[in-house]
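This briefing goes through a single protein chain, topic by topic. The sequence and the structure come first, and the notes follow.

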Amino acid sequence: MSSPAVIPSTHSAAGQPLSGEAAAAARAAAKKAKADAAAKANTEKQRAAAEALWKAKQQERLKRQRAATAARKAKEKKEQQQQKAAERMLRKQAWPVAAQRHAAAAAAVAAAGLPVLESPVDEPGCWVLVAELPLGKKSYGGFRCPSEQCDGEWVSAHAFNGKWQQCQRCETEALPEQMWRNDNPYQRRDGVKSMLNKPHHQGRCQACREFGHGCWLRPELEGL
Ligand SMILES: [Zn+2]
Ligand SMILES: [Zn+2]
């Protein structure tokens, strides 16, 4: 705030009117003081106006920034949606290929004289000969006891390509001969069917013995 302007009086301190010359000088001084005050008020006004303008600009800038951020997020979301849609489309297009692969895998399994097994999961995939999968891969496995006196056959939810499980009838070690392959390699095996919902015999499982703990605790090996 500006201090009030001191306006020179046309009267002496004692209250007597000043002489003509002195009064004129006092009037001129008063006029000048008034003009100064007016100029000062005007400057204040301009400063306030400039401040208001600056604030408005600042808010405008913030508004623009927020709008830009919102637009960028919307763009990213749209791109993600487009990417997902493209992936869905790819999966759809891949479907006939998957069906051909299923047929080829089933033919190979049949040609090897292996039993036809039920699908262990609800998601698309197929049983394949273990030769088609990398060693160490974890998945569902179909086993047959190699002993000539035993006709034990089983499916395990925790089979490893190249690792044996022991036959529950005669304890002979058997390697998986066919294993389940999901069409989607990122598919985790959440939809375990009840037929496989049985206890895992850790003592009869090479992987469990080697790991020193339940072999189902190595889900990363499913993604091989
Ligand atoms: Zn056996
Ligand atoms: Zn095991």
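Two strands are said to pair if DSSP finds at least two bridges between them. By that criterion E2 and E3 pair, in the antiparallel sense and over 6 bridges. The model is a predicted one. Its protein chain holds 2 helices and 6 strands, and from the N terminus on the elements run α-β-β-β-β-β-β-α.

**Chain as a whole**

- Of the 224 residues in the protein chain, 16% are buried.
- Taking the contacts between residues at least 6 apart in sequence, 60% join residues at least 24 apart.

**Helix H1**

- Helix H1 covers residues 20–111, which is 92 residues.
- From its first C-alpha to its last, H1 reaches 133 Å, close to the 136 Å expected at 1.5 Å a residue.
- H1 bends by about 40° at Trp95, and the proline Pro96 follows within four residues.
- H1 is hardly covered, since the count of buried residues among its 92 residues is 1.
- Just after H1, Gly113 takes a positive phi of about 75°.

**The sheet**

- An open sheet is formed by 4 strands in the order E1-E6-E2-E3, with antiparallel pairing.
- E1 and E3 are the edge strands, each pairing on one side only.
- From one strand to the next the twist averages 30°.
- H1 packs on this sheet and touches E1 and E6; the direction of H1 makes about 35° with that of E1.
- Strands of a sheet pair through backbone hydrogen bonds, either parallel or antiparallel.

**Strand pairings and bridge partners**

- E1 and E6 are antiparallel and pair over 5 bridges; Gly125 stands opposite Asn182 in E6.
- Strand E2 (residues 138–144) is joined to E6 by 2 bridges, and these strands run antiparallel.
- Which residue of E6 is the bridge partner of Gly142? The partner is Gln178.
- Gly141 has bridge partners in two strands: Met179 in E6 and Ser156 in E3.
- Lys138 stands opposite Phe160 in E3.

**Burial of the strands**

- In E1, 4 of the 5 residues are buried, so this strand is largely enclosed by the rest of the structure.
- E2 is mostly covered, with 6 of its 7 residues buried.
- E3 is mostly covered as well, with 6 of its 8 residues buried.

**Nonpolar core**

- The largest nonpolar core has 17 residues, and those with the most contacts inside it are Trp127, Val128, Tyr140, Met179, Ala207 and Cys215.
- Two or more residues of this core come from each of strand E1 (125–129), strand E3 (153–160), strand E6 (178–182) and helix H2 (206–211).
- E3 gives the most to the core, with 4 residues.
- Once its neighbours within four places in sequence are left aside, Trp127 is in contact with Ala105, Val109, Leu117, Gly142, Gln178 and Trp180.
- Two of these contacts of Trp127, Gly142 and Gln178, are also bridge partners of each other.

**Glu171**

- Where is Glu171 found? Glu171 is in the loop between strand E4 (165–166) and strand E5 (173–174).
- Glu171 has a positive phi of about 65° although it is not a glycine.
- Most residues other than glycine have a negative phi, and most peptide bonds are trans.
- Glu171 has 13 C-beta neighbours inside 10 Å and therefore counts as partly exposed; a residue would need 20 or more to be buried, and 12 or fewer to be exposed.

**Gly214 and the segment after H2**

- Gly214 is found in the segment after H2.
- Gly214 counts as partly exposed because it has 13 C-beta neighbours inside 10 Å.
- Leaving aside its neighbours within four places in sequence, Gly214 is in contact with Gln202 and Cys208.
- How far apart in space are Gly214 and His201? From C-alpha to C-alpha they are 9.5 Å apart, and in sequence they are 13 residues apart.

Note on methods: Residues are numbered from 1 along each chain as its sequence is written. Chains are lettered from A and ligands numbered from 1 in the order in which they are written. This is a predicted model: local features need pLDDT of at least 70, side-chain atom pairs count only at pLDDT 80 or more; totals for chains, interfaces and linings use all residues. A nonpolar core is a set of buried Ala, Val, Leu, Ile, Met, Phe, Trp, Tyr and Cys residues joined through C-beta atoms within 7 Å. Two residues are in contact if their C-beta atoms, placed from the backbone, lie within 7 Å. The expected span of a helix is 1.5 Å times one less than its number of residues. The bend at a residue is the angle between axes fitted to the seven residues ending there and the seven starting there. Axes are lines fitted to C-alpha atoms, for helices over the stretch in contact, and angles run from 0 to 180 degrees between N-to-C directions.
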